[in-house]
Amino acid sequence: MIVRRRWTAAATTVILFSAVLSHPASGAAAPAAPAAPISLSATETAVVRVQLRDQAQLDRLVATGADLANRPRTRDGRIIADLVLSGTQLGELTAQGATAVQVVQRAGDGNRHYTDSVRAAQARTAAGLRAPAAGQRSTASATAVDTLQVQQAYWWTTTGQTFLQAQVATTATDDPDVEITVSWRTADGATGSFPLYRFEDSGEYQYHYALPQPVPSRPVQLSATSSLGGVSRAITPTLWPNASPPPLPDGYQKDFIDAYLTPVDIQARIKRLARQYRDLVDVIDLPNKTQGYRRNAAGYLGDTAVAALVVESVRFGDQNMNGVQVRTVDPGRANRPLTVGYRDRVLTVSLATDTAGKTVSTTDEVAAAINARQPDRFRATVEDGSAGLPMPVAGPTRLDDGLQGTEVPARPWTVQALRLGVHRDGSRVGVLAYSQEHAREWATPLVTLEFAERMLANARTDPATRELLEQVDIFVIPVVNPDGANYSFNDYNFQRKNLVNHCEGSARDPKYRTSWGVDVNRNYTVGSYFDGYVGASANCLSGNYAGTAELSEAESGNVIALAQDHPNIKFAMNVHSYGGYFMWPPGAYRADGRVTLPRPSIDESTLFLNSARRIVGAIAQERGTVTWPSQTGPVADVLYSAAGNSADQLYYELGIFAWDFEVGNDLWNPATNQWEGVGFQPPFDEAHGESQEYAHGLVEMVRVARDYAAAEAAAG
């Protein structure tokens, strides 16, 4: 009997910070050491600016919830990140090829780099933060080298704590040492200040900002000063998001998620919903079958410490190739040629011998012989470091695909979408919610399924929900990337990509098995890597490998096929994790000059932002979680360039208002006064909370679509 595993918190893999540092990426050169070494005592904590070894190191830090003080940025082609580190953690990170660049701030000391500007801000605060009277100039502004503009100043209260976030730009854009300090005053007279940090992207200055800062109560005045003498005008911070959905009616049904769900579980739930709500649900089989939870069977022939080959099957392991044996033999006679034969599931390579009967075949010759004489069954490559060496007598080696998921069907997978609504005929405005493009983001299908179940269950008891299903045609793809998700649950929990291995040569070595695959959300056509945009890679081992061509993968093709086949879809939400972002196009730019895809029109930008406020307000209704204003906006501005992402193609080619969630907002720890990341696979209680709040956000998106359609109809 097969025992089903329930993927609850107990099944969540916990990776400690030190563990992720113990596996550096191979093949990248360490950056040069700084002029003067930077170190902390073992127990000391500081914000340290670190030059990371490579993108893979950053991916691992993010995946394990390392405390990033702000967004990583690129300078001179190198990845710079500000991290809150203990001395022990800094030592581990440095040992793996990172370089400490600057101690930005030591705990308890304050930031010596901002001392002068903080004192100036405190002096102005003591004076009541008065703005210069009309027709007058302050002494500072009369001699200022730069001009400051407050671009954002928002406040909100969650779980009893008020936060303030500010974003300020200086005209001294080329000066990396400009220091900016924000000073604030609350309605009851409390005052304070905090430093902002310079943010560059693709080598271009953007603004100065800081993570949300705790303040004692509602702030009523804010201003900024710079170390060059610039002074902003005083402004009144704005409540964020200043929008809330209608209250839930009595008896509203929710909380349909009780465990993490594998693709097998999701498939079963889709079947159950279709059976339970026949009048409201269609199941759509998307046209492109995925590869399936399958890989080629492979093994090492020889001694990897001396000389070895990687031999793999051309067919997948489940296609009667797992367990096939490979061996090299000594023919025991002189002057014998190199031969290759396959019989009874055993590949036998008889090595060539010289006049003395000694074997003389090299690794390269054996690999070439296997590839030439058994091309339909096997592929052989020389293991790194073994080129040209004598091939030993070895084996038999059993080939295996290495997959651990015994409960997962290996066949090609049919990705399914739910279609919900009273009128599922294209006559109503359509909304698409899709999730788990990235395999490791386990919480995301919980969001889309919770949303679907709420809409269906409440249609029978809540008139408002029934009305929404009368007016809107809803499409839900709970898992876009089922193969990668199966691999994440059963083999390697940080798998991001799908399971299609496009690597060639030595990159097919099984030691790279957790790096194979294509990043589905870099495989679309607009603003793609293939068109010169930033944020994807041609390296098949990279975490954001774009594939062999645009839409080369079944998974990306399915999303676009669904949207193309249903032109009534006008709104879409791509659900990702983690970090707490709400984003829309443009999502990519070219490196030279940081030229983004075309910006939306003023009217469309207004729709994106106003709708975001509504949806962020709905998310906050569940448990007070607020998506920060600094993380609400175009992808290219608030996150990074993501070449070839799905939202850009939906928006620019198909005219769909396309958003992205990053669920899993940072959590405020009042004991440490730090924002803490939650990770891709948090303990289930946190994932459950994310499912509830972001499902409520998706319900609000349906209301946005309804209101948009009504306005369009009224306009004629």
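Leu52 sits in the loop between strand S1 (45-51) and helix H2 (55-63). The model is predicted. Leu52 is buried, because its relative accessible area of 4% falls under the 20% cut-off. The C-alpha atoms of Leu52 and Ala100 are 8.6 Å apart, though 48 residues separate the two along the chain.

**The chain as a whole**

The chain has 716 residues, and 56% of them are buried. It contains 15 helices and 31 strands. Of the contacts between residues at least 6 apart in sequence, 77% join residues at least 24 apart.

Gln436 lies in the loop between S22 and helix H8 (444-458). Is Gln436 buried or exposed? Gln436 is buried, because its relative accessibility is 0%. The Gln436 side chain reaches the backbone oxygen of Ala439 at 3.0 Å. Beyond four places in sequence, Gln436 touches Ile266, Glu441, Trp442, Thr444, Pro445, Pro478, Val479, Val480, Asn481, Ala485, Phe489 and Val575.

| Residue | Loop position | Relative accessibility |
|---|---|---|
| Leu52 | between S1 (45-51) and H2 (55-63) | 4% |
| Gln436 | between S22 and H8 (444-458) | 0% |

**A cavity**

Three cavities of 30 Å³ or more turn up in a search of the whole structure. Which residues line the second largest cavity? They are Pro263, Ile266, Gln267, Ile270, Trp413, Thr414, Val415, Gln416 and Val479. Helix H6 (residues 263-276) contributes most to this lining, with four residues. By class, six lining residues are nonpolar, three are polar and none is charged. Two of the lining residues, Ile266 and Val479, are also among the residues that Gln436 touches.

**Helix H14**

Helix H14 covers residues 646-654. Its buried residues are Ser646, Ala647, Asp648, Gln649, Leu650 and Tyr651. What do the buried residues of H14 pack against? Their partners are strand S22 (429-435), helix H11 (554-565), strand S24 (569-579), helix H12 (602-623) and strand S29 (657-665). At the start of H14, a side-chain oxygen of Asn645 comes to within 3.1 Å of the backbone nitrogen of Ala647. After H14 comes Gly655, with a positive phi near 70°.

In soluble globular proteins, nonpolar side chains tend to be buried together. Here the largest nonpolar core has 93 residues. Helix H15 (residues 684-714) supplies the largest share of this core, ten residues. Apart from this core lies another, of 23 residues, including Ala297, Val326, Phe378 and Met391.

Which residues have the most contacts inside the largest core? They are Phe451, Ile477, Trp659 and Phe661. Trp659 touches Phe571, Ala572, Met573, Asn574, Phe582, Met583, Trp584, Leu607, Phe608, Ser611, Met701 and Val704, leaving out residues up to four places away in sequence.

Notes
Residues numbered from 1 in each chain as written. Predicted model: local features only at pLDDT ≥ 70, side-chain atom pairs only at ≥ 80, totals over all residues. Heavy atoms only, no water. Buried < 20%, exposed > 50% of the residue type's maximum accessible area, 1.4 Å probe, protein only. Helix = DSSP H or I, 4+ residues; strand = E, 2+ residues; numbered from the N terminus. Contact = heavy atoms within 4.5 Å. Polar contact = N/O pair within 3.5 Å; in protein donor to acceptor, adjacent residues only side chain to side chain. Core = buried A, V, L, I, M, F, W, Y, C linked by side-chain atoms within 4.5 Å. 1 Å grid on protein atoms, 1.4 Å probe; cavity = no way out; pocket = protein on both sides within 12 Å on 5 of 7 lines; lining within 4 Å. Points joined across faces, edges and corners; volume = space filled by probe spheres on them. Nonpolar A, V, L, I, M, F, W, Y, C, P; charged D, E, K, R; others polar.
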